[in-house]
Amino acid sequence: MRLEQRVAVITGAGRGIGRAIAERYAREGARVAVADLDSATAEEAAAAIRDAGGEALALAMDVTDEQAVDAGVQRVVDTWGRLDIAFANAGIQHIESLDKLALENWRKVMSVHLDGAFLLTRAALRHMYAGQGGTLLYMGSVHSMEASPLKAPYVAAKHGLLGLCRAVAKEGAGHGVRSNIICPGFVRTPLVDKQIPEQARELGISEEEVIRNVMLKNTVDGEFTTVEDISELAVTLAAFPSAALTGQSVVVSHGWHMG
Ligand code: NAD
């Protein structure tokens, strides 16, 4: 087990990629706080971890709510006495062309990704600086490196997370804090399943064509990345033993983006 004795908080962990990482962290021996806007799924994911013999806590948390994030992170520290890993994973997508995009929808996407990641970072650093340091992890995307049509706020927000990750690596180094960002290609989760028909409608093509000719077009093998792929990398980054690996973005995308 690679994460024994560690305490982790993961946002957006009620379902999808975040949930898979939470389950995997628990199997690696970590105590895991499952934070989500949807408290029912957070409870469900935490219960599943406990049923499998792990230790987990559910947190009802809107990552854009300053007080909820501070209180949630404080609860983790009150419960388990420390915080080693904070993973800003919560995210949303909005499919629309720029000329039609309402400011409200731009702000909503930016807020969940960037305000959410900032608030978790700040709350976590306050505890990590006072303790033995720790690791910040961010969920970027190939869209942290590349743009696609109809996803401007998401692309801008995911690029922004790269900057936050690097800033944390610089500021955190003197306090024993590392920071890295995972940049996945397309993974079949509810977030992606929702956008297949939306993109088909906007682009006037079939759903099959969206998958083959848009989402997986530039992969080396036409395959989706999986939650297991992401979880494997998330364990490696969290367990890495030194500050040699900090401020880095790691792309897992079946070769969609190389560089
Ligand atoms: P998902 O929609 O399946 O899960 C996202 C979770 O975040 C949900 O449980 C949702 O309730 C939660 N959430 C949304 N807004 C929140 C808020 N304000 N506060 C707290 N929780 C909130 O999505 P997913 O595919 O598992 O995506 C997880 C992360 O991975 C996101 O940051 C996403 O951008 C990123 N990502 C996904 C893919 C993909 O192909 N699925 C690819 C690259 C990056």
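**Before you start**

Residues are numbered from 1 along each chain as its sequence is written, and side-chain values use heavy atoms, with hydrogens and water left out. The model is predicted: local features need pLDDT of at least 70, side-chain atom pairs count only at pLDDT 80 or more, and totals for chains, interfaces and linings use all residues.

**Stop 1: the domains**

Colour residues 7-185 + 225-251 as domain 1 and 186-224 as domain 2. These bounds come from an automatic or database domain assignment. The two centres, taken over C-alpha atoms, are separated by 24 Å. Domain 1 puts 17 residues into the contact and domain 2 puts in 13 residues. Contact means heavy atoms within 4.5 Å.

**Stop 2: a helix pair**

Select helix 3 (residues 66-80) and helix 4 (residues 103-130). Helices (H or I, at least four residues) and strands (E, at least two) are DSSP runs, numbered from the N terminus. Two packed helices are described by the angle between their axes and the distance between the axes. Here helix 3 and helix 4 pack at about 35°, with axes 9 Å apart. Axes are lines fitted to C-alpha atoms, for helices over the stretch in contact, and angles run from 0 to 180 degrees between N-to-C directions.

Which residues meet? On helix 3, show E66, V69, D70, V73, Q74 and V77. On helix 4, their partners are L119, L120, R122, A123, A124, R126 and H127. By class, this contact has seven nonpolar, two polar and four charged residues. Ala, Val, Leu, Ile, Met, Phe, Trp, Tyr, Cys and Pro count as nonpolar, Asp, Glu, Lys and Arg as charged, and the others, Gly among them, as polar.

**Stop 3: the largest pocket**

Rolling a probe the size of a water molecule over the atoms shows where empty space is left. On a 1 Å grid over the protein atoms alone, a cavity is a set of points where a 1.4 Å probe fits but cannot get out, and a pocket is an open set with protein on both sides within 12 Å along at least five of seven lines; lining residues have an atom within 4 Å of a point. Grid points are joined across faces, edges and corners, and a volume is the space filled by probe spheres set on the points.

Centre the view on R15, A90, G91, I92 and L191, the residues nearest the centre of the largest pocket. Its volume is about 960 Å³, and 42 residues line it. Where does the largest pocket lie? Both domain 1 and domain 2 give residues to its lining, so it lies between them. Helix 6 gives the most, with six residues.

**Stop 4: the second largest pocket**

Move to Q132, G134, T135, G176 and R178, which lie nearest the centre of the second largest pocket. This pocket holds about 230 Å³ of space and has 16 lining residues. Strand 5 (134-139) and strand 6 (177-184) are the elements that each give two or more of them.

**Stop 5: the cavity**

How many cavities of 30 Å³ or more are there? The count is one. The largest cavity has a volume of about 60 Å³. Select some of its lining, including T11, V63, H113, M139 and K158. Helix 4 gives the most to this lining, with four residues.
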